[in-house]
Amino acid sequence: MTESLLQVSGLSKFFGEVPVLDRIDLSVQPGEIVMIVGPSGAGKSTLLRCINRIEHPSEGTVLIENVNMAGEMRNGKLVPDSSVTTARKRRRVGMVFQRFNLFGHLSAVDNVAIGLKRVLGVKSAEAKARADKELARVRMSPHAAKRPSQLSGGQQQRVAIARAMAMQPTLMLFDEPTSALDPELVGEVLEVIRSLAQDGMTMLVVTHEMQFARDVGTRILFMDAGRIVEDTSPETFFTNPSHSRAREFLQRSL
Ligand code: ADP
Ligand code: MG
């Protein structure tokens, strides 16, 4: 039996009385390309944020490589775990957001290198070398010295992907990585994500790009009202979804 890379069990998240995530169970094996689709407000971003521990789950657990990301249950209360092991495993989850959040005063290469230096304590020369390698992978080498303001949105997002990849994550999370882009810039970012997928990177991608989800995904999750209502192959999801909400969603999206 393969050990799951990601194991989410009974994950709920409440904002006040309202459950935004309602007892989510999800297990992801190495190499899976999981596309998460569903209407706005379904809880897709909150799920990724709980997996990455930007958000604390109200209930349930998130295990990454068998380490509990959410903390430990003690006397029925969730106590955040800040142990070194957890911190290390947490770094192994990379996240790319809709907005690129690059440092405006730093060049592309420095944006990629800074996390290596500050968080991992990698020496400057080695950090720079690794940053150059990651920029090459997203085909941004010619723009390494430019600042974000000199780059298009698509180029900035490719730098953000390089920055996340530089930390050598075992799992990458993408939250609508092309939603903030002008239509003509969407393709180049999707191409980069596709190439990471082909290289075997395990990933969860929240997206509204249905053709991309179908082509690149190995698995589709359809979320609605805080639950995963469909968890199936792209083939089945796009040709014969079992839930009416998924069918309605597809009719509106395609
Ligand atoms: P999606 O990404 O699928 O659009 P989200 O995870 O962003 O959905 O949000 C799910 C629901 O949770 C929405 O109704 C949203 O308004 C609510 N929500 C998200 N974050 C917060 C927060 N920090 N405080 C209160 N409500 C929130
Ligand atoms: Mg969202």
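The structure is a predicted model, in which local features need pLDDT of at least 70, side-chain atom pairs count only at pLDDT 80 or more, and totals for chains, interfaces and linings use all residues. Residues are numbered from 1 along each chain as its sequence is written, while chains are lettered from A and ligands numbered from 1 in the order in which they are written. Helices (H or I, at least four residues) and strands (E, at least two) are DSSP runs, numbered from the N terminus.

**Confidence**

- The protein chain has a mean pLDDT of 92, and 91% of its residues reach 70 or more; pLDDT is the predictor's confidence in each residue, from 0 to 100.
- For the complex, the predictor gives an ipTM of 0.97 and a pTM of 0.93.

**Helix H6**

- Helix H6 covers residues 183-198, which is 16 residues.
- From its first C-alpha to its last, H6 reaches 24 Å, close to the 22 Å expected at 1.5 Å a residue; the expected span is 1.5 Å times one less than the number of residues.
- Val189, Leu190, Val192, Ile193, Leu196 and Ala197 of H6 are buried.
- These buried residues fall within an arc of 155° when seen down the axis of H6, so they line one face of the helix; the arc is that of the directions from the helix axis to the C-beta atoms.
- An α-helix has 3.6 residues a turn, so residues three or four places apart point the same way.
- Glu184 and Gln198, on the other side of H6, are exposed.
- A residue is buried if 20 or more other C-beta atoms lie within 10 Å of its own, exposed if 12 or fewer, and partly exposed in between, with C-beta atoms placed from the backbone.
- The packing partners of the buried residues of H6 are strand E3 (33-37), helix H5 (153-166), strand E9 (171-175), strand E10 (202-206) and helix H7 (210-216).
- Gly200, with a positive phi near 100°, follows H6.

**Gly153 in helix H5**

- Gly153 lies in helix H5.
- Gly153 counts as partly exposed because it has 17 C-beta neighbours inside 10 Å.
- Beyond its neighbours within four places in sequence, Gly153 is in contact with Ala180, Leu181, Asp182 and Leu185; two residues are in contact if their C-beta atoms, placed from the backbone, lie within 7 Å.
- Glu55 is 98 residues from Gly153 along the chain, and their C-alpha atoms are separated by 26 Å.

**The sheet E2-E1-E4-E5**

- An open sheet of 4 strands has the order E2-E1-E4-E5, with antiparallel pairing; two strands pair if DSSP finds at least two bridges between them.
- Its edge strands are E2 (18-28) and E5, each pairing on one side only.
- E1 (residues 6-15) and E4 (residues 59-64) pair over 5 bridges.
- Within this pair, Val8 has Val62 as its bridge partner, and Leu6 stands opposite Ile64.
- E4 also pairs with E5 (residues 67-68), over 2 bridges, and there Ile64 stands opposite Val67.
- E4 and E5 form a hairpin with 2 residues between them, and Glu65 in the turn has a positive phi of about 45°.

- E11 (residues 219-224) and E12 (residues 227-232) pair in the antiparallel sense over 5 bridges.
- Asp224 has Arg227 in E12 as its bridge partner.
- This hairpin has 2 residues between its strands, and Ala225 takes a positive phi near 50°.
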